[in-house]
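User: I am new to this structure and would like to learn how to read its features one at a time. Could you take me through them with the general idea before each case?

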Amino acid sequence: MADINAVARSFVEFYYQTFDTGRQQLVNLYRDSSMLTFEGGQVQGANAIVERLVGLPFQKVAHQISTIDAQPSSPDGASIIVIVTGLLLVDEEQNPQMFSQTFHLIPEGGSYWVFNDVFRLIYGA
C-alpha cells in the first residue's frame with residue numbers, strides 16, 4: 001500500500017500549483033464519472049468540471065495550504081480521501097478567503113484520478 005500521506009501531499013501540491021497557473025490543465029485529473037460540487041453546484045465529467053473551474057470569475061488565484069489530512073477510503077486501502085484547508089487570494093484582493101476542499105482519489109496505473117471533488121469557502125460567523 002502506498003504511503004497515503006505522501007500521495008496526498010504530492011497530489012495537493014500538484015493540484016493547486018496547476019490550478020493557480022493553468023486551470024484548464026486539470027482535465028487529466030478527472031474522468032467522465034468524476035463529480036465536482038463547488039459551493040453547492042454540481043457538475044459531472046472531466047470537461048464540464050474544467051469548464052466550471054476555468055469559468056470562475058477571477059483571473060489570478062493563489063492558494064496557501066494550511067492542512068492536509070488523508071485516509072484510505074476503501075477496505076483494500078487503494079483509494080484515498082484527502083481533506084484540505086487553506087487560504088486563497090483572488091485577483092488583487094488583500095484579504096484571503098478560507099476554504100475547505102475534499103478529494104476522493106482513485107488509483108490508476110501508478111497514479112491517481114479524482115472521483116469526487118467538493119469545494120467550500122468558509123465564512124466567518
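User: Which elements do the buried residues of α2 pack against?

Analyst: Before the case itself, a word on the source: this is a predicted model, in which local features need pLDDT of at least 70, side-chain atom pairs count only at pLDDT 80 or more, and totals for chains, interfaces and linings use all residues. Residues are numbered from 1 along each chain as its sequence is written, and side-chain values use heavy atoms, with hydrogens and water left out. The buried residues of α2 pack against α1 (4-22), β1 (30-38) and β2 (41-44), where contact means heavy atoms within 4.5 Å. Helices (H or I, at least four residues) and strands (E, at least two) are DSSP runs, numbered from the N terminus.

User: Which residues of helix α2 are buried, and which are exposed on its other side?

Analyst: An α-helix has 3.6 residues a turn, so residues three or four places apart point the same way. In helix α2 (residues 46-54), the buried residues are Ala46, Ile49, Val50 and Leu53. They lie on the same side of α2 because they cover an arc of only 95° around the axis, the arc being that of the directions from the helix axis to the C-beta atoms. Asn47 and Glu51, on the other side of α2, are exposed. Buried means under 20% relative accessible area, exposed over 50%, and partly exposed in between (1.4 Å probe, protein chains only).

User: How many salt bridges does a search of the whole structure find?

Analyst: Side chains of opposite charge can pair when their charged atoms come close. The search of the whole structure finds two salt bridges, each defined as a side-chain nitrogen of Lys or Arg within 4 Å of a carboxyl oxygen of Asp or Glu. In one, Glu108 pairs with Arg31, with the closest N and O atoms 2.4 Å apart. This pair links distant parts of the chain, since Glu108 is in strand β5 (residues 97-108) and Arg31 is in strand β1, 77 residues apart. In the other, Glu92 pairs with Lys60, with the closest N and O atoms 2.7 Å apart. That pair too links distant parts of the chain, with Glu92 in the loop between β4 (80-90) and β5, and Lys60 in the loop between α2 and β3 (61-72), 32 residues apart. Glu92 is exposed, with a relative accessible area of 57%, whereas Lys60 is partly exposed at 45%.

User: Which residues have the most contacts inside the largest nonpolar core?

Analyst: In soluble globular proteins, nonpolar side chains tend to be buried together. A nonpolar core is a set of buried Ala, Val, Leu, Ile, Met, Phe, Trp, Tyr and Cys residues joined through side-chain atoms within 4.5 Å. Here the largest one has 33 residues, and those with the most contacts inside it are Tyr15, Tyr30, Leu53, Val82 and Phe103. The element that gives the most to this core is α1, with eight residues. Leaving aside residues up to four places away in sequence, Tyr30 touches Tyr15, Ala46, Ile49, Leu53, Val114 and Asp117.

User: Where is Glu39 found, and what is its phi?

Analyst: Glu39 is found in the loop between β1 and β2, and has a positive phi of about 55° although it is not a glycine. Asp91, placed in the loop between β4 and β5, is another residue other than glycine with a positive phi, near 45°.
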